[in-house]
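Here is a short briefing on one protein model. Look through the sequence and the structure first, then read the points below.

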Amino acid sequence: MRKSSIFFLICFLLQYFCSSNSESFVGVNYGIVADNLPPPDATAKLLKSTSIEKVRLYGADPAIIKALANSGIGIVIGAANGDIPAMASDPNFAGQWVNSNVMAYYPASKIIVVSVGNEVVTSGDQNLLSNLLPAMRNVQNALNSASLGGKIKVSTVHSMAVLGQSEPPSAGAFNSSFGDTLKALLQFQSENSSPFMINPYPFFAYQSDPRPETLAFCLFQPNAGRVDSRTGIKYMNMFDAQVDAVHSALSAMGFKDVEIVVAETGWPYKGDPNEVGPSLDNAKNYNGNLINYLRSKVGTPLMPGKSVDTYIFALYDENLKPGPGSERSFGLFRSDLSMIYDAGLSKSAQTPASTPLTPAPTASAATLTPSPTPVMPSPKTPTTTPAILAPTTPSTPLTPGILPPGSGTCMLVISVSRLHSNIR
């Protein structure tokens, strides 16, 4: 074999192994509602020491965007809800925003998505809602004018409250009051190949139904599973059930090919005494098991074989946020850059410190009777059960199984989300 052929073979193999080990589906949210955060340069160095390949910002802080230059880390930047009316009414404003917040840093800073607003559809603000799509169109046009239309996507982030039905997952459907708005948004996103960004939180599902079996289901731990009565699909974790409910809602509206991105999910490591669920063990198990599950590339039952891009909330605690103590305790790292707990994100980590167990095979799933909880319980309402349930020790990820229809098992999916739009 000639030397040139050997050289190209080596290059090919290096590229193959680099791409196969890539974890581009693991991201993190970088909120800055705090007065004790490390400087952006230190944060950029921290991120480069991890397997995190994407960062979501809630704004377009120039110091952070510049600090991430030449790091290869993908960046989601946000246009504030307050900018939406001006973006919608004035194409020049949208163009100036893109020039100042995208063109000034791209491509050294790898901006991949512009998120126009945060949880606007469920905010109740009709002025923002009516201006959302025109604002997104003007931002898209500004990117197109800069020849970046195919490189940087335009989207917006939704609360899980956009769903009117989520149980069982195959019956997932959008709230009918948002139907026309979402259909128009999705038509725009389909035409521009931009992702549907959603905030599922199994943590709040557990708070609404604080039983041991629900905790195990939410933490990717051993459990009997819950069967979708319409399809016979056996779900082994709440994350899959919530994401598949969104997929079903998209399919029902005729947009099954629109990519889903989990813009936020996470678990607090501490909270107020009356909060159910926050604990160091639970946070470590949820985030560690989620990361390991994403690495398995199993996918969800309705979207097998591909991990959904997922941004974990959050990089740091945000000590100035209002609300219960858990709101200030979602961080993976302290402000001194040390780990709060090991979720398996260091580059040297092959698997997280905790990984999900594969339950023993069963002929059918156990029947679970869900508590009577609303589809969208308020995450700010304290529960009456303050116990924090200790998790069991997980082990390896599970490929979701299929059971025949009519097995008699009921399915509970609670569509809940952290409502950021009113606290940022």
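A polar contact is a pair of N or O atoms within 3.5 Å; within protein, one must be able to donate a hydrogen and the other to accept it, and residues adjacent in sequence count only if both atoms are side-chain atoms. This is a predicted model: local features need pLDDT of at least 70, side-chain atom pairs count only at pLDDT 80 or more, and totals for chains, interfaces and linings use all residues. Residues are numbered from 1 along each chain as its sequence is written, and side-chain values use heavy atoms, with hydrogens and water left out.

**Serine 115**

- Serine 115 sits in strand β4, residues 111–118. Strands (E, at least two residues) and helices (H or I, at least four) are DSSP runs, numbered from the N terminus.
- The side chain of serine 115 reaches the backbone oxygen of glycine 117 at 3.2 Å.
- Serine 115 is buried, because its relative accessible area is 4%. Buried means under 20%, exposed over 50%, and partly exposed in between (1.4 Å probe, protein chains only).
- Beyond neighbours within four places in sequence, serine 115 is in contact with residues including Val76, Ile77, Ser155 and Thr156. Contact means heavy atoms within 4.5 Å.

**Serine 248**

- Serine 248 belongs to helix α10, residues 238–252.
- Serine 248 has 8% relative accessibility, so it counts as buried.
- A polar atom of the serine 248 side chain lies 2.7 Å from the backbone oxygen of proline 169.
- Not counting residues up to four places away in sequence, serine 248 touches Pro169, Ser170, Gly172 and Leu302.
- Leucine 302 is 54 residues from serine 248 in sequence, yet their C-alpha atoms are 8.4 Å apart in space.

**Nonpolar cores**

- A nonpolar core is a set of buried Ala, Val, Leu, Ile, Met, Phe, Trp, Tyr and Cys residues joined through side-chain atoms within 4.5 Å.
- The largest core has 104 residues, and Ile77, Val102, Val116 and Phe196 touch the most other members.
- Helix α6 gives the most to this core, with 9 residues.
- A second, separate core has 8 residues, among them Ile112, Met197, Val261 and Ala263.

**Helices α6 and α7**

- Helix α6 (residues 126–145) packs against helix α7 (residues 179–192) at about 10 degrees, with axes 10 Å apart. Axes are lines fitted to C-alpha atoms, for helices over the stretch in contact, and angles run from 0 to 180 degrees between N-to-C directions.
- That angle makes α6 roughly parallel to α7. Angles under 35 degrees count as roughly parallel, over 145 as roughly antiparallel, 65 to 115 as roughly perpendicular and the rest as oblique.
- Leu129 and Met136 of α6 and Phe188 of α7 are among the residues that make the contact.
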